[in-house]
Amino acid sequence: MSGPGSPLRTPQTVLISGAGIAGPALAHRLHHHGFAVTVVERAPELRTGGYKVDIRGAAIDVVDRMGLLPDIRRASTDMRTGAYVNDEGERIATLPAGIFGARVGRDDEIMRGELSRLLHDRTKGDVEYLFGDSITSLTEQPDGGAGTDGRGDGPGCVEVTFEHGAPRRFDLVVGADGMHSTVRRLTFGPEKSFVRHLGAYISAFSMPNELDLDREELYHLVPGKMVSAYSSAGDPAAKGMLAFRSPLLSYDHRDRAQQVALLEGAFAGDGWQVPRMLEAAREAPDLYFDAMSLIEMDSWSRGRVVLLGDAAHCASPASGQGTGIALVGAYVLAGELAASGGDPAVAFARYETAMRGYVAVNHALARKYAKEMTVDSRWQIRLRHLMLRMLPHMPWKKLIAKKIAGEVQRAAHAITLKDYPARSAASSAATPAPAPAAASASAPGGPPYAA
């Protein structure tokens with residue numbers, strides 16, 4: 001393994017596990033800096049489901065530097081209003097959607113699947129994508145070590161075996177494969193060592209727009225649970241969200257039937273749209289279900305392997321910052337790899353130094369909002385409804401709205417981005433990328449902010 005005192009060599013080949021948001025964003029930036037990138041994804045094709053996600057603060061600056069901001073503007077959810085409803089579906093309080101999402105200035109919101117598609121479209125001509133495969137082992141070869149091709153006397157690398165493909169060697173491996181990261185498990189050990197449960201579960205899925213919503217989101221509260229439905233611009237369907245308070249549950253996170261059964265058990269007997277939503281969840285092709293948890297680690301790298309996004313520091317959907325942190329982390333990691341002269345130890349250390357404070361602030365935000373998403377009692381719900389009903393009529397409502405957004409905005413801006421100029425082909429000495437593979441402060445107890 002190269003170290004600060006070792007001869008430097010620019011890593012030329014990088015394997016990224018995960019084709020969600022963090023992985024393709026990193027691939028985009030690494031190609032920009034002259035690296036040859038391969039992305040491996042367990043799913044057989046790009047996953048285009050998911051909830052709406054906010055892009056705020058430093059993340060807006062990142063997508064602007066990536067040249068993606070105009071595309072994001074065109075694909076904006078364009079949400080207009082948000083409202084709380086009672087058991088009969090009557091709107092108790094209606095507010096501008098920007099207050100619900102704590103968005104100001106250049107901030108925007110986009111469907112997660114649309115952002116994933118934009119990133120994939122921007123990179124698929126320059127990056128090798130391997131869909132329908134996954135990593136099964138990682139073995140670091142020291143300087144001079146020989147790999148499966150029999151070559152030795154070279155710099156260090158990582159020997160990678162796959163579930164389906166032939167073994168390969170890469171200069172670096174990045175785990176951008178989510179909260180249940182395979183790369184993290186193979187490199188750092190069992191997931192349970194790093195998960196900090198926030199006391200709740202969340203599910204999101206497509207559903208028929210029987211409420212005729214038009215760029216509006218509705219929230220319904222019962223003690224210990226939150227129910228939401230919304231429809232965004234250009235989408236004839238609606239999206240549903242169910243969140244409920246619970247201690248850590250034992251289930252297979254890839255077993256859809258178990259997930260649906262847990263939802264049905266948690267929401268049995270609840271009113272408003274819940275029965276229809278449970279029916280939609282059973283049939284939805286894009287069902288998402290997971291614990292609201294943080295990932296906390298002392299280090300995000302080991303040797304030539306490094307973690308990015310939720311794999312390193314999941315902030316949970318409660319923070320509303322997961323996508324933004326992933327985009328910022330991709331920008332910083334790629335930039336530090338380019339700026340370090342090819343020394344992974346130096347690059348990874350600088351990456352962590354830049355990101356740690358930003359992540360910590362957003363973890364604190366998640367802890368707060370995870371509790372506020374699912375309130376304890378009926379009287380707390382009535383108090384929240386009263387405060388929201390009064391807000392539009394208060395003479396100082398703009399000041400209150402600014403305060404509501406303030407805490408989220410501070411978290412979104414809790415990092416100063418460096419400039420990382422693109423390196424020329426001569427200075428990067430990178431080999432051409434392989435040919436792409438065949439398609440193989442909150443509102444009073446405010447709503448969840450999309451991750």
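Q: In this predicted model, how many bridges join strand 4 to strand 13?
A: The model is predicted. Strand 4 covers residues 81-85 and strand 13 covers residues 216-222. The two run parallel. The number of bridges joining them is four.

Q: Which residue is the bridge partner of T81 in strand 13?
A: Strand 4, residues 81-85, is joined to strand 13 by bridges. T81 has its partner in strand 13. That partner is E216.

Q: What is the strand order of the open sheet of seven strands?
A: The pairing in this sheet is mixed. Strand 5 (91-96) and strand 16 (288-295) are the edge strands, each pairing on one side only. Neighbouring strands are turned by 20° against each other on average, direction ignored. The order reads 5-4-13-14-15-12-16.

Q: At what angle does helix 7 run to strand 15?
A: Helix 7 spans residues 256-267. It lies across strand 12 (195-207), strand 14 (225-230), strand 15 (238-245) and strand 16. Its angle to strand 15 is about 70°.

Q: Is the crossing of helix 1 and helix 11 left-handed or right-handed?
A: Helix 1 is residues 22-32 and helix 11 is residues 322-339. Their axes come within 8 Å and cross at roughly 35°. Helix 1 passes helix 11 in a crossing that is right-handed.

Q: How many charged residues are in the contact of helix 1 with helix 11?
A: Helix 1 contributes A22, A25, L26, R29 and L30. Helix 11 contributes A326, L327, A330, Y331, L333, A334 and L337. Eleven of the contact residues are nonpolar and none is polar. The charged count is one.

Q: Why is helix 2 oblique to helix 11?
A: The axes of helix 2 and helix 11 come within 9 Å. They cross at roughly 50°. Angles under 35 degrees count as roughly parallel, and 65 to 115 as roughly perpendicular. Helix 2 is therefore oblique to helix 11 because of the crossing angle, roughly 50°.

Q: Which residues of helix 11 make the contact with helix 2?
A: The crossing is left-handed. From helix 2 come A58, A59, V62, V63 and R65. By class, the contact has seven nonpolar, one polar and one charged residues.

Q: Which residues of helix 2 are buried?
A: Helix 2 runs over residues 58-65. Buried here means under 20% relative accessible area. The buried residues are A58, A59, I60, V62 and V63.

Q: Which residue just after helix 2 takes a positive phi?
A: Helix 2 covers residues 58-65. Just after this helix, phi is positive at about 80°. The residue is G67.

Technical notes:
Residues are numbered from 1 along each chain as its sequence is written. This is a predicted model: local features need pLDDT of at least 70, side-chain atom pairs count only at pLDDT 80 or more; totals for chains, interfaces and linings use all residues. Side-chain values use heavy atoms; hydrogens and water are left out. Buried means under 20% relative accessible area, exposed over 50%, partly exposed in between (1.4 Å probe, protein chains only). Axes are lines fitted to C-alpha atoms, for helices over the stretch in contact, and angles run from 0 to 180 degrees between N-to-C directions. A crossing is left-handed if the near helix is turned anticlockwise from the far one by less than a right angle, and right-handed if clockwise. Contact means heavy atoms within 4.5 Å. Ala, Val, Leu, Ile, Met, Phe, Trp, Tyr, Cys and Pro count as nonpolar, Asp, Glu, Lys and Arg as charged, and the others, Gly among them, as polar. Two strands pair if DSSP finds at least two bridges between them. Angles under 35 degrees count as roughly parallel, over 145 as roughly antiparallel, 65 to 115 as roughly perpendicular and the rest as oblique.
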